[in-house]
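Colleague: I have just opened this one and have never looked at it before. Could you walk me through it?

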Amino acid sequence: MEDSAATVAVAFGLPAVRLELLRALAASGPATVSQLSRAVGWTRNGISTHLAALEAVGAVRHETARVDGSFRPARLYHLERSRVEELAWLMFDAIADDVVPSQALKTVVLR
C-alpha cells in the first residue's frame, strides 16, 4: 500500500492534475494558464476546468495582467496558501468526524 500524499489525495477525490497545479504554483509562484499547462503537461483547455474548480473554493485566484512576450493581457493565477491549508483541515475534519474515533484521532494528531 502506497501512502504518498498524492496517492491519498487522489483516493479521496482530488484529481491528480489539481494537486499538480497547486504544486506548480507553490514552487514557481504566479503563473499564466500557458505556463501551468507546460508545468503539468496538460493542454490549456484541459486545465481550465480544474483551475475554475480550485478558484471556486478559493485555493487559487487570478488577476488580469500584462505578461512579457504576450500582446494581450493574460490571467495570472496565484496560490492562496492559507486557504489551501484551511481546505486541507476541512477535508481532514470531514473524514475524522465520521470515520476515526476521537481517541485514535488525538493519537494521530499528537504524533
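Colleague: Let's start with the largest pocket, then: how much space lies in it?

Modeller: Bearing in mind that this is a predicted model, the largest pocket holds about 790 Å³ of space.

Colleague: And which residues lie nearest its centre?

Modeller: Of the 26 residues that line the largest pocket, those nearest its centre are Leu 14, Val 84, Leu 87, Ala 88 and Met 91.

Colleague: What does the lining look like by class?

Modeller: In the largest pocket the lining has 22 nonpolar residues, alongside one polar and three charged.

Colleague: You mentioned H2 and H4. At what angle do their axes cross?

Modeller: The axes of H2 and H4 cross at roughly 70° and come within 10 Å. Angles of 65 to 115 degrees count as roughly perpendicular, so H2 is roughly perpendicular to H4.

Colleague: Which residues meet there?

Modeller: From H2 there are Val 17, Arg 18, Leu 21 and Leu 22, and these meet Ile 47, His 50, Leu 51, Ala 53 and Leu 54 in H4. By class, the residues of this contact are seven nonpolar, one polar and one charged.

Colleague: Switching topic, what volume does the second largest pocket have?

Modeller: The second largest pocket has a volume of about 260 Å³, and its lining is made of 13 residues, with Thr 32, Ser 34, Arg 44, Ser 70 and Ala 74 lying nearest its centre.

Colleague: Which elements supply at least two residues of that one?

Modeller: Helix H3 (33-40) and strand S3 (74-79) each supply at least two residues to the lining of the second largest pocket, with H3 giving the most, at four residues.

Colleague: And how do the residues of that lining divide by class?

Modeller: For the second largest pocket, the lining divides into four nonpolar, four polar and five charged residues.

Colleague: Which element has the lowest mean, and which the highest?

Modeller: Among the elements of the protein chain, helix H6 (residues 102-110) has the lowest mean pLDDT, at 56, whereas H4 has the highest, at 96.

Technical notes: Residues are numbered from 1 along each chain as its sequence is written. This is a predicted model: local features need pLDDT of at least 70, side-chain atom pairs count only at pLDDT 80 or more; totals for chains, interfaces and linings use all residues. Side-chain values use heavy atoms; hydrogens and water are left out. On a 1 Å grid over the protein atoms alone, a cavity is a set of points where a 1.4 Å probe fits but cannot get out, and a pocket is an open set with protein on both sides within 12 Å along at least five of seven lines; lining residues have an atom within 4 Å of a point. Grid points are joined across faces, edges and corners, and a volume is the space filled by probe spheres set on the points. Ala, Val, Leu, Ile, Met, Phe, Trp, Tyr, Cys and Pro count as nonpolar, Asp, Glu, Lys and Arg as charged, and the others, Gly among them, as polar. pLDDT is the predictor's confidence in each residue, from 0 to 100. Axes are lines fitted to C-alpha atoms, for helices over the stretch in contact, and angles run from 0 to 180 degrees between N-to-C directions. Angles under 35 degrees count as roughly parallel, over 145 as roughly antiparallel, 65 to 115 as roughly perpendicular and the rest as oblique. Contact means heavy atoms within 4.5 Å.
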